[in-house]
Amino acid sequence: MNRTMSSSFSDLSCLVVGATDPKSIGYTCAAGLQNARARVCIMGRDGKKVRTAVDKLNGEHGVVPAVIAEAIANTAAIFALQDARSANGSARPTEAAQRAIAVEGIVGDLKKPETMASLLDHAVSLLGGTLDVLIISVGNGKSEYLGLDPKNAEDYKMSYDVAVLSPQFLIDAAAPYLMKSTQKGGGSVVVVGTMAPMVPWPDTAPYNYARAAQNCMVETMAFRHRLDNIRVNAVLPSCIHTGALDLMAAKKGTTAEEYAKLRAEAQPTGRNGKPEEVADAALFLAGSGASYMTGELMKVDGGLHLSSWFNRPKITKEFVGGTD
């Protein structure tokens with residue numbers, strides 16, 4: 001994250017949904033916001049993973065949980081904490097660590113849209129009663145889309161709940177807070193979507209259909225809130241090497257390395273994306289640098305939209321060295 005982008009989040013309140021896996025896009029967004037000295041709360045459906053992610057994020061910065069944050073808010077308390085750590089043989093916090101704000105965490109399940117409003121309010125209370133940025137990085141409720149059955153009606157319903165209804169209800173509940181944001185461009189919502197709707201693969205129909213509807217939801221919410229000091233955008237990544245890719249590999253009975261190589265061969269750039277490459281785009285949309293952008297479905301796909309998983313090998317063979 002560059003210095004300009006970093007400074008734009010200082011002291012802002014941010015909720016990141018789907019941020020418990022350190023290899024995920026959501027977690028990477030949360031880490032970037034914390035590095036930028038924002039107040040951050042993360043949400044995930046597994047309480048143990050939420051706690052682990054919060055501890056990891058805070059541990060990397062040497063910050064402490066909010067329950068004792070006030071006790072070290074003044075300079076004297078900070079020096080007392082440093083002396084105590086030094087006496088125990090622990091390293092003193094760095095200057096950057098002292099500036100970081102402790103991440104909070106809540107447990108919430110996107111398969112339960114009816115709970116989103118109360119969860120949003122709880123998160124805002126942990127953030128001090130304000131909200132400037134909402135990042136929604138959703139999965140599908142089963143950790144990876146190969147767990148969905150295209151012949152099972154319940155999987156279609158669940159996918160819609162996770163990708164469309166719960167994000168919409170989160171945005172609805174967040175709107176009264178986001179519209180009060182003093183960030184340049186106002187409050188910001190960024191949904192981490194996918195390029196999957198552009199690839200009509202029958203085996204992943206529940207996932208693809210729901211994500212296509214999600215794109216429509218993003219544009220609809222952007223238009224609804226166009227005069228409310230709220231921007232709503234999305235990033236659409238293609239194949240990114242997150243923990244989900246490793247799960248897909250296991251599902252197919254191969255190694256993560258071999259499966260990643262196979263997927264990379266279908267990318268026009270010859271490689272899979274990295275979580276930080278998508279997070280950088282998401283944080284750009286979330287920040288003041290994108291103050292005149294709303295309703296944007298930003299592709300972060302390594303050029304996949306120029307080709308497809310189906311015809312990429314054929315195109316490569318026919319146009320090697322060409323310019324078409």
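Two rings of Phe, Tyr or Trp (its six-membered ring) count as an aromatic pair if their centres lie within 6.5 Å; planes under 30 degrees apart are stacked, over 60 edge-to-face, and the rest tilted. The model you have open is predicted, so local features need pLDDT of at least 70 and side-chain atom pairs pLDDT 80 or more, while totals for chains, interfaces and linings use all residues. Numbering starts from 1 along each chain as its sequence is written, and side-chain values use heavy atoms, without hydrogens or water.

**Stop one: the rings.** The structure holds one aromatic pair. Select Tyr 156 and Tyr 209: they sit 5.8 Å centre to centre with 40 degrees between the planes, a tilted pair. Tyr 156 is in helix 7 and Tyr 209 in helix 8, 53 residues apart (helices are DSSP runs of H or I, at least four residues, and strands are E runs of at least two, numbered from the N terminus).

**Stop two: the core.** Now pick Leu 15 and Leu 134, which touch the most other members of the largest nonpolar core, a set of 39 residues. Such a core is made of buried Ala, Val, Leu, Ile, Met, Phe, Trp, Tyr and Cys joined through side-chain atoms within 4.5 Å, with buried meaning under 20% relative accessible area, exposed over 50% and partly exposed in between (1.4 Å probe, protein chains only). Helix 7 (153-178) is one of the elements that supply at least two residues each, and helix 7 gives the most, with 10.
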